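Colleague: I would like to learn how to read the features of a model like this one, taking each idea in general terms before turning to the case at hand. Could we go through it together?

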Amino acid sequence: MTLLPVLVLAALPFYCYAGSGCTLMTQVINQAIDPEVSEDRYIENFREFIMNGEAEEALRQAKQCFLQQSKETLTNYQVMEDAIYNSVWCKAY
């Protein structure tokens, strides 16, 4: 995974923390790890939040990275996300 997709995914929790809506962040993550959602469909679902071509390319790279993972890895990623967002430190938000 290159640095740009990592930074995009790392910024998502701050988006939620800023009070902009955790539901949206959950949708972004769930669709990113869903192998049934194509790269193009993923981009179209979040088109209103993509400000330029660089942002679109970053999301495409992130989605492509998830598409290349095994089902087991995607399941483990979801378990990790659930553990983080249900942790003592995140429940307050």
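Colleague: How many helices and how many strands are there in the chain?

Modeller: Helices (H or I, at least four residues) and strands (E, at least two) are DSSP runs, numbered from the N terminus. Here the chain has six helices and zero strands, and its elements, followed from the N terminus, run α-α-α-α-α-α. Please keep in mind that this is a predicted model, in which local features need pLDDT of at least 70 and side-chain atom pairs count only at pLDDT 80 or more, whereas totals for chains, interfaces and linings use all residues. Residues are numbered from 1 along each chain as its sequence is written, and side-chain values use heavy atoms, with hydrogens and water left out.

Colleague: What share of the residues in the chain is buried?

Modeller: A residue is called buried under 20% relative accessible area, exposed over 50%, and partly exposed in between (1.4 Å probe, protein chains only). By that rule, buried residues make up 29% of the 93 residues in the chain. As for contacts, meaning heavy atoms within 4.5 Å, residues 24 or more positions apart account for 53% of those in the chain with a separation of 6 or more.

Colleague: How many aromatic pairs does a search of the whole structure find?

Modeller: Rings of Phe, Tyr and Trp (its six-membered ring) pair if their centres lie within 6.5 Å, and the planes count as stacked under 30 degrees apart, as edge-to-face over 60 and as tilted for the rest. The search finds two aromatic pairs. Tyr42 and Phe46 form an edge-to-face pair, at 5.4 Å centre to centre with 70 degrees between the planes, and both of these residues are buried. Phe66 and Tyr77 also form an edge-to-face pair, at 5.1 Å centre to centre with 70 degrees between the planes. Phe66 lies in helix α4 (residues 53-67) and Tyr77 in helix α5 (residues 71-85), so this pair ties together parts that are 11 residues apart in sequence. Phe66 counts as buried because its relative accessibility is 7%.

Colleague: Which charged end sits over the ring of Tyr42?

Modeller: A charge sits over a ring if NZ of Lys or CZ of Arg is within 6 Å of the ring centre and within 35 degrees of the ring normal. For Tyr42 the charged end is that of Lys63, 5.7 Å from the ring centre.

Colleague: With which residues does Arg60 form a salt bridge?

Modeller: A salt bridge is a side-chain nitrogen of Lys or Arg within 4 Å of a carboxyl oxygen of Asp or Glu, and by this rule the count comes to five. Arg60 forms one with Glu39, the closest N and O atoms being 3.1 Å apart; since Arg60 lies in helix α4 and Glu39 in helix α3, the pair ties together parts that are 21 residues apart in sequence. Arg60 forms another with Asp40, with the closest N and O atoms 2.8 Å apart, which links distant parts of the chain, Arg60 in helix α4 and Asp40 in helix α3, 20 residues apart. Salt bridges that share partners join Glu39, Asp40, Glu44, Arg47, Glu56 and Arg60 into one network.

Colleague: Why does Arg60 count as buried?

Modeller: Arg60 is buried because its relative accessible area is 18%, whereas Glu39, at 21% relative accessibility, counts as partly exposed.
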